[in-house]
Amino acid sequence: MNILVVLEDNQGSLHRLSREAVAGAQKLGGSVTALAIGKNAGSLASELSSYELEEILTVEHDLLSSYSADGYSEVVTQVIQSKSPKTIVVGHTYQTRDFMPRVSAKLDIPFIPDIISLSDEGFVKQVLNAKLNASVSSESDQMILSFQSAAFNDEEMITGSSTITTFDVELDVSSVRSTSEEPFQEAAGDVDLENAELLVSVGRGIEKEENVHLAFDLAEVIGAEVSASRPVVDSGWVDSFRQVGSSGHNVAPKLYFSLGVSGAIQHVVGMKGSKNIIAINKDPEAPIFELSDYAIVGDVLEIVPKLIEALKN
Ligand SMILES: Cc1cc2nc3c(=O)[nH]c(=O)nc-3n(C[C@H](O)[C@H](O)[C@H](O)COP(=O)(O)OP(=O)(O)OC[C@H]3O[C@@H](n4cnc5c(N)ncnc54)[C@H](O)[C@@H]3O)c2cc1C
């Protein structure tokens, strides 16, 4: 085995960042094995069975019925010790940030987290609050990598065949001492921005709280969720769980429709993986236009009501 991708269970389905991690691992080249852990391991493995993987390992155990950092780090440690992969790859999620440093410390394998792309020199990471990119490499025989959201496109996963194999682990209550509570969920009615296919994103160009309904009205007409830039959240105009950016969510929808968002780097790092970007901004020099597929120079307060009317008709 050359590369081991550790998968993440997102309420019974494969986490989007795990799919992207598989796409990234396939880009690295060499044989790729995936590892699914926990009570849904079988169904996670089935989701990948039509992709080009050397093998998909599944690990189930009474002590793994819910996530725990000590349980998962112990399983990954045992798989690495048994299979000796050169590279271990995960999506850069809260869960992997929780248990992967333990694996790194236990096995003394360097961990290069939060990679945004590959370069000839190594792995590209953003530094200094995303103002600069740095290339990082390791001379160690083994390394652990985590890929940032949208660093790779899961639609580029190579299809093929794979076999699903059970991997036996030795676990006991002395190695799994913690139990997790139910995964954190936002309050009822809140939205899953990271898996939304369509987003209408509202920025400070909406000018005042009374105008924010325009974003929600447009979202309703096209069946989208609403996200926002930080100043809109900080002003209390929308809930904080809608924030996109370096201190908010990483999103990669099929359509990101931005209304009066300037395109500051701290916002862009959270949405640059969007497949199509439409932006309305009255400033033709707004940085958001540099990454937009469609740029509309104009006043959101004039354009959006007309657009909603036209779409309704
Ligand atoms: C440590 C740190 C972390 C941060 N994290 C985040 C983060 O996670 N997410 C985030 O979004 N920001 C974050 N920021 C803030 C970020 O730097 C920007 O300040 C912010 O993204 C700007 O938001 P905005 O584009 O809505 O507002 P502005 O920069 O004020 O831009 C408003 C835009 O609207 C346009 N406009 C104005 N009126 C209209 C109109 N009537 N019609 C059309 N266009 C109009 C303007 O031309 C302008 O381009 C962070 C900053 C720091 C320092």
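Helices here are DSSP runs of H or I with at least four residues, strands are runs of E with at least two, and both are numbered from the N terminus. This is a predicted model, in which local features need pLDDT of at least 70 and side-chain atom pairs count only at pLDDT 80 or more, while totals for chains, interfaces and linings use all residues. Residues are numbered from 1 along each chain as its sequence is written.

Let's stay with helix 5 (residues 213-222), whose buried residues are L214, A215, L218 and A219. Seen down the helix axis, these buried residues fall within an arc of 135°, so they line one face of helix 5; the arc is that of the directions from the helix axis to the C-beta atoms. Buried means that 20 or more other C-beta atoms lie within 10 Å of a residue's own, exposed means 12 or fewer, and partly exposed is in between, with C-beta atoms placed from the backbone. The cover over these residues includes strand 12 (198-202), strand 13 (225-228), strand 14 (255-259) and helix 8 (300-312).

V200 touches A215, L218 and A219, among others including F257 and L259, not counting residues up to four places away in sequence. Contact here means C-beta atoms, placed from the backbone, within 7 Å. V200 is also listed with V5, V22 and L35 as having the most contacts inside the largest nonpolar core, which has 84 residues. Such a core is a set of buried Ala, Val, Leu, Ile, Met, Phe, Trp, Tyr and Cys residues joined through C-beta atoms within 7 Å.

An open sheet of nine strands has the order 9-8-7-10-6-1-4-5-11, with mixed pairing; two strands pair if DSSP finds at least two bridges between them. Strand 9 (132-136) and strand 11 (164-166) are at the edges with a single partner strand each, so one side of each has no neighbour in the sheet. Strand 4 (residues 32-37) and strand 5 (residues 55-59) run parallel, joined by five bridges, and A34 has I56 as its bridge partner in strand 5.

| Helix | Reference strand | Angle |
|---|---|---|
| Helix 1 (residues 16-28) | strand 6 (87-91) | about 145° |
| Helix 4 (residues 94-107) | strand 10 | about 170° |

Terms used: Two residues are in contact if their C-beta atoms, placed from the backbone, lie within 7 Å. Axes are lines fitted to C-alpha atoms, for helices over the stretch in contact, and angles run from 0 to 180 degrees between N-to-C directions.
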